[in-house]
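Work through the exercises below with the sequence and the model open side by side. Each task is followed by a solution in steps.

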Amino acid sequence: MNSGLFSGVLIAFAAGAAAVSLLWPAAGRTGAALSVFRLALAMGVGQGITACMMFVFLVVHGRVDRTYIFFELLLLLILLGLYVWTRRRRVAETARPRPFGGSTSVWLDGLLALALGVAVVAAMTSIGILVHRIAYGDWDAWAIYNLRARSVFRGGYGWRDAFSDVVVWSHPDYPPLLPLCVVRAWLYAGGETSDGPRAIGGLFAVATIGVVCAAIAVLRGRVQACIGGVVLLGNTFMLRHAASQYADVPLMFFVSAAIALLVLHDEFDSGEGAGALVLAGLAAALAAWTKNEGALFLAVLMLAHFAIAARSRGLRAYGRQLAALASGALPVLAMLIYFKSAVAPAGDLVTLVTGQSAFAKLADPARYMTIGRELLQRAPLYDGLGIGIVYLLALYGLCFGIRTRESTGVAQATLTLLLLCAGYLAVYLTTPYDLSWHIRTSMDRLLVQVWPAFVFAFFVLVRAPGEIPWAFGKVPERSAG
Amino acid sequence: MPGQALSYARSVARIGVLALILGSALLGNLANLADLLRIAPAPDREMVRRDRRFETLRSSLPDRATLGYVTDSADPAESRLRLMLAQYSLAPLLLAPGADRALIVGDFSQSDVAAMGRELDLTLVRDFGNGVALFARPQR
């Protein structure tokens, strides 16, 4: 990685950190877990924010050139200035997380920490090896995302040709977050280097792991975070896919970040501080800016939020929360609407489905059987070793039990993931393509998009080892808080 | 006492499941790493080779243009793959399959591009070597 590229990564991180601190100020000392969460969040959100800035620059300035760097540094200074200026304002005490006790013993703590350490080292090494080997990414990386980046980077004032329907096979309707991150990386690096897209993919993978593990630690303690982290990294398809340079990698970051922020808001923010909600809205909108599935995610997240929050908190409180979510989402959503209406051609799924009988397909039981069969084969994440992790998680849930008094945030997270899966099912049922082909080329990636968020929601829902009585020792007392 | 025995059994079961899930996840992770360390493929130079093959053609054309694209592959899947790879190398130029445009890129597996052009009723503009050529559609 050259120094220019490294500077670009650092500047994006600084922009993300400034945005997170501005929108979600912390009250005094936050503790290690919440600090790690905020840092991991800043890594991914920073890339998303700067990709948005790149798009605005392209539309206004007309082409990619090094003027962009000056523009970005100026905006970063403004963000940092705002942060320093607002730093002294009072912050609601409830922004500080409740301390969570709950380790059974020192030896179990140590063993789990060791297991997580081994898992992290093995996973990072695997990802590093593949990132090094697969210089140009897998098929879709060069055929879609890096092709788009090249066309924008080289295209000058003709950058919109990158989204021409002449190259309809490269899905020019796909939202451009990842290609714009790559364009930005090349601008800082001083040229098209394969290090750019590789660094971005690796960064989002690491940020996802950080966000999920840290959020579990904040909400359920270190022990639960260690277990969740080992399980998260046990998905070998996710580890291999992290080096693919596909948009699934940033998407899984934004999905898990939005879900985690929803739950964190519900646990810790008071009615005054809705910063986590604003960031959740931003993360969900950035998911929509990454892939078309992200737009589905944003829609079901808003639906789940309405279904749960309106019922449990009342319409007035729901309205305040919706305003916070919307304030984070709307700027990116506005850009997405502009992109879809003024830059990109219509999507192939939309174009083809409208000409065919979607209702007939929805009523065809054979399609349900095909999807169910493929899901049973792929969802358990059985890779030929041991037992499928998903089956083990079901057993784990039965043995440890579910927390019965849960926040509405966890209910929203669970409902969002269920609705998202229902949305994916609807897409498969109505696909204009050969169903088996469509499943074979996409289902594994759809499952990996939701895997980190699923692991997060699972380990927040299931009781931690420290919350249940063990026959071998005393029930540990919780810390005051 | 039965209650105590049940509690003990539950605790043992929980530890067993915890060990099983951690062991299974770690096993998959470590096996994946071992697999990667065992296989050491040669560096992927294919994209660099393809970029070099089309470099002279790209630099001799304007920055913006939509060109036709023809190839000598009989297999539709291979033809499509070659189009996609050529498009990646020639970006931001746009390649439309077929010979309907004023200028057409020829991407052949053989070096006698003039003969290929005659077969397709195209006028050779320039032979860039290595099976790459630029043709013009004859004026009718």
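Helices (H or I, at least four residues) and strands (E, at least two) are DSSP runs, numbered from the N terminus. The model is a predicted one, in which local features need pLDDT of at least 70 and side-chain atom pairs count only at pLDDT 80 or more, while totals for chains, interfaces and linings use all residues. Residues are numbered from 1 along each chain as its sequence is written, and chains are lettered from A and ligands numbered from 1 in the order in which they are written.

**Exercise 1.** Determine in which order the five strands of chain B form the sheet, and which strands stand at its edges.

Solution. Start from pairing, for which DSSP must find at least two bridges between two strands.

**Exercise 2.** Describe how strand 3 of chain B is joined to strand 5 of chain B.

Solution. Strand 3 (residues 103–107) and strand 5 (residues 132–136) of chain B run antiparallel and are joined by five bridges. Within this pair, B:Asp107 stands opposite B:Val132.

**Exercise 3.** Find which strands of chain B helix 3 lies across.

Solution. Axes are lines fitted to C-alpha atoms, for helices over the stretch in contact (C-beta atoms, placed from the backbone, within 7 Å), and angles run from 0 to 180 degrees between N-to-C directions. Helix 3 (residues 76–90) of chain B lies across strand 1 (66–71), strand 2 and strand 3 of chain B, and runs at about 160° to strand 2 of chain B.

Technical notes:
Two residues are in contact if their C-beta atoms, placed from the backbone, lie within 7 Å.
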